[in-house]
Amino acid sequence: MNIFITGGAGYIGSHTCVELLNEGFDIVVADNLSNSSQVSLDRVRRITGRDFPFYEIDICDEDALSRVFEEHSFDGVIHFAGLKAVGESVSRPVTYYSNNLISTLTLCRVMQRYLVHKIVYSSSATVYSPDNPLPLREESKLGCTNPYGWSKYMCEQILRDVAAADRRWSALLLRYFNPVGVHPSGLIGEDPRDIPNNLMPFITQVAVGRREKLHIFGGDYDTPDGTGIRDYIHVVDLAKGHVAAIKYLQGFTGVDAINLGTGRGFSVLEMVRTFEKTNGVNIPYEIVGRRAGDVACCYADPQKANRLLHWRAEKTLEDMCRDSWRWQYNNPHGYGRDDGGNVTLH
Ligand code: NAD
Ligand code: UFG
């Protein structure tokens, strides 16, 4: 089976390329490299020993996208391409809505024209309203607090409407919780362009000496240690969830939303302590005020994914911490300076 992957040079996309290639799928990748480096794809080739075509194009460019569909025939699409920084989406809403909505609409139009009707979409736990009881279930109330979240919500709705209008379509809306960790080879990973917004890349940059200390946003939440709780999921587990989703899509029509999480929450302090203990490094931190828009606690009910996709997250918090550190230690400047990703850490 040949799968088209948008945003495949990015963090989750590159890990999913590895798992698909390892499972024998053929892939074609498109990415405009706005938040990634082509080096990630060279590393995917190195890990898997397999080659695949790459198109440096913007998915919003219908002519360029059509050329890819002209040159290949696809059995399905995984749509990762999108902008994802919550804070930036608040200050640049038009950029976020344009990129995330137009890329999805253009992709739907081209897929329709080339009779490709199966799509896996990268959605997010951020589509759930913050006032839901936990754990979050697929039928929990939806509602967002920032333009990024609304763009994910709107793309879900677009795909629901497309599938309702034409019964040949099938779409799985995968709602990720908090992806962290990297491939155990330490060759591919998360490489934020600026100051990291997310917890794990900030911790690893403190550990490697690129940042002085971690600011913990809020120590007065109604949680056992006062810090925020999230459902961290190893990106390799997440990537395997996409392989399971693509397989499931072959016998499915319609549209469905599925959580990809572990079902277990950990606090920021638990994450810091686990990182320190697993890797034998010290993470200086300071507890500062809460970050606007953060909730105290968020974790998934992953039973639907267990039931329908026969998938469950297997990796531990220690695995997430160990693998993230291996990547950062071997690639202190991310993909910025390709040092060959020599893995020396054990
Ligand atoms: P990422 O930024 O590493 O990957 C996204 C990729 O899409 C990048 O390589 C970027 O260059 C590319 N891209 C963006 N706009 C494009 C366009 N118009 N045309 C072509 N390429 C384009 O992010 P990621 O963490 O791998 O996230 C992948 C997807 O998962 C995104 O849609 C994101 O919203 C979603 N998601 C991520 C998280 C998370 O915490 N990482 C959580 C929930 C959902
Ligand atoms: N945190 C800190 N210091 C930091 C960064 C984060 O204390 O420097 C804390 C946050 O306050 C939160 C936890 O660490 O309690 C996790 O924060 P992240 O920024 O890593 O993740 P979020 O849960 O805020 O958001 C992430 C993605 C969103 C996605 C959401 C899905 O960034 O895109 O998960 O649940 F929508």
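This is a predicted model: local features need pLDDT of at least 70, side-chain atom pairs count only at pLDDT 80 or more; totals for chains, interfaces and linings use all residues.
## A covered helix

Helices here are DSSP runs of at least four residues, numbered from the N terminus. Just past the end of helix 7, glycine 209 adopts a positive phi of about 90 degrees.

Helix 7 spans residues 199-207 and is mostly covered, with nine of its nine residues buried. Among them are Leu199, Met200, Phe202, Ile203 and Val206, along with Thr204 and Gln205. The cover over these buried residues includes three strands, namely strand 7 (178-180), strand 8 (214-217) and strand 10 (232-234). Helix 9 (268-279) and helix 11 also belong to that cover.

## Helix 9 meets helix 11

Those two helices also touch each other. The axes of helix 9 and helix 11 come within 9 Å and cross at roughly 65 degrees, and the crossing is right-handed. From helix 9, the contact uses Glu270, Met271, Thr274, Phe275, Thr278 and Asn279. Helix 11 answers with Leu317, Glu318, Cys321, Arg322 and Trp325.

Helix 11 covers residues 317-330 and holds aspartate 319. The side chain of aspartate 319 makes a polar contact, at 3.2 Å, with the side chain of arginine 322. In an α-helix, residues three or four places apart point the same way, because there are 3.6 residues a turn. Aspartate 319 has a relative accessibility of 19%, so it counts as buried, the cut-off being under 20%.

## The nonpolar cores

Turn next to the largest nonpolar core, which has 42 residues. The members that touch the most others are Ile5, Ile27, Val29, Leu172, Leu174, Leu260 and Leu309. At least two core residues come from each of strand 1 (2-6), helix 1 (11-22), strand 2 (26-31), helix 2 (39-48), strand 6 (170-176), helix 8 (235-249), strand 11 (254-260) and helix 10 (303-309). Helix 8 gives the most, with seven residues.

Setting aside neighbours within four places in sequence, isoleucine 27 is in contact with Asn2, Ile3, Ile5, Cys17, Leu20, Leu21, Phe52 and Pro53.

Strand 9 (residues 229-230) pairs with strand 12 in the antiparallel sense, over two bridges. Isoleucine 229 has serine 267 of strand 12 as its bridge partner.

## Backbone spots to check

Most residues other than glycine have a negative phi, and most peptide bonds are trans. A few places in this model are worth a look with that in mind.

Leucine 33 has a positive phi, near 60 degrees, and is not a glycine. Leucine 33 sits in the loop between strand 2 and helix 2, and its relative accessibility of 16% means that it counts as buried. Leucine 115 likewise has a positive phi, of about 60 degrees, without being a glycine. You will find leucine 115 in the loop between helix 5 (93-113) and strand 5. With a relative accessible area of 58%, leucine 115 is exposed.

Finally, leucine 134 and proline 135 are joined by a cis peptide bond, with omega about -5 degrees. Proline 135 lies in the loop between strand 5 (118-124) and helix 6 (147-165).

Terms used
Residues are numbered from 1 along each chain as its sequence is written. Chains are lettered from A and ligands numbered from 1 in the order in which they are written. Side-chain values use heavy atoms; hydrogens and water are left out. Buried means under 20% relative accessible area, exposed over 50%, partly exposed in between (1.4 Å probe, protein chains only). A polar contact is a pair of N or O atoms within 3.5 Å; within protein, one must be able to donate a hydrogen and the other to accept it, and residues adjacent in sequence count only if both atoms are side-chain atoms. Contact means heavy atoms within 4.5 Å. Two strands pair if DSSP finds at least two bridges between them. A nonpolar core is a set of buried Ala, Val, Leu, Ile, Met, Phe, Trp, Tyr and Cys residues joined through side-chain atoms within 4.5 Å. Axes are lines fitted to C-alpha atoms, for helices over the stretch in contact, and angles run from 0 to 180 degrees between N-to-C directions. A crossing is left-handed if the near helix is turned anticlockwise from the far one by less than a right angle, and right-handed if clockwise.
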